[in-house]
Amino acid sequence: MTAVAETRPFDISVDVATLARLTDREREVLRHLAKGESNRVLARQLGIAERTVRAHVTSVVRKLGVASRFEAGLVAFHHYEALVDQAIAS
């Protein structure tokens, strides 16, 4: 008999004000994370080094208060329209 692991609901409550604290480049990186792109692909598309992408991802994770790149990607996925609207307004 196998035991069922307890699951905790994922809370991605990030408000628009928190997203607004990100720099334009961090928001751009976050939009790409929503698409599930790797650092290598992201670096090529943005014309920057992979190391720079890692630095941006680390900063985004810290500013959003999430635990991982994956969680940041989920936040981006759920708030994609707000991220795109902010990019257009910039």
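This is a predicted model: local features need pLDDT of at least 70, side-chain atom pairs count only at pLDDT 80 or more; totals for chains, interfaces and linings use all residues.
## Nonpolar core

The largest nonpolar core has 19 residues. Leu-19, Leu-30, Leu-33, Leu-64 and Ala-72 have the most contacts inside this core. Two or more residues each come from helix H2 (24–34), helix H3 (39–46), helix H4 (50–64) and helix H5 (69–78). The most is given by H4, with 5 residues.

Leu-64 shows how one of these residues is surrounded. Not counting residues up to four places away in sequence, Leu-64 touches Val-14, Thr-18, Leu-19, Leu-22, Leu-30, Ala-72 and Val-75. Among these partners, Leu-19, Leu-30 and Ala-72 are also listed with the most contacts inside the core.

## Packing of H2 on H5

The axes of H2 and H5 are 7 Å apart, and the helices pack at an angle of about 95°. H2 is therefore roughly perpendicular to H5.

On the H2 side the contact is made by Leu-30, Leu-33 and Ala-34; on the H5 side it is made by Arg-69, Ala-72, Gly-73, Ala-76 and Phe-77. By residue class, this contact of H2 with H5 has 6 nonpolar, 1 polar and 1 charged.

## Packing of H2 on H4

H2 also packs against H4: their axes cross at roughly 90° and come within 9 Å. This angle makes H2 roughly perpendicular to H4.

From H2, the residues in contact are Arg-25, Glu-26, Val-29, Leu-30 and Leu-33. They meet His-56, Val-57, Ser-59, Val-60, Lys-63 and Leu-64 of H4. The residues of the H2 and H4 contact divide into 6 nonpolar, 2 polar and 3 charged.

Leu-30 and Leu-33 take part in the contact of H2 with H4 and also in the contact of H2 with H5. Both leucines are listed among the core residues with the most contacts.

## His-32

His-32 lies in helix H2. Is this residue buried or exposed? His-32 has a relative accessible area of 13%, and because buried means under 20%, His-32 counts as buried.

The His-32 side chain makes a polar contact with the side chain of Glu-37, at 2.6 Å. Leaving aside neighbours within four places in sequence, the residues in contact with His-32 are Glu-37, Leu-42, Gln-45 and Leu-46.

Methods
Residues are numbered from 1 along each chain as its sequence is written. Side-chain values use heavy atoms; hydrogens and water are left out. A nonpolar core is a set of buried Ala, Val, Leu, Ile, Met, Phe, Trp, Tyr and Cys residues joined through side-chain atoms within 4.5 Å. Buried means under 20% relative accessible area, exposed over 50%, partly exposed in between (1.4 Å probe, protein chains only). Helices (H or I, at least four residues) and strands (E, at least two) are DSSP runs, numbered from the N terminus. Contact means heavy atoms within 4.5 Å. A polar contact is a pair of N or O atoms within 3.5 Å; within protein, one must be able to donate a hydrogen and the other to accept it, and residues adjacent in sequence count only if both atoms are side-chain atoms. Axes are lines fitted to C-alpha atoms, for helices over the stretch in contact, and angles run from 0 to 180 degrees between N-to-C directions. Angles under 35 degrees count as roughly parallel, over 145 as roughly antiparallel, 65 to 115 as roughly perpendicular and the rest as oblique. Ala, Val, Leu, Ile, Met, Phe, Trp, Tyr, Cys and Pro count as nonpolar, Asp, Glu, Lys and Arg as charged, and the others, Gly among them, as polar.
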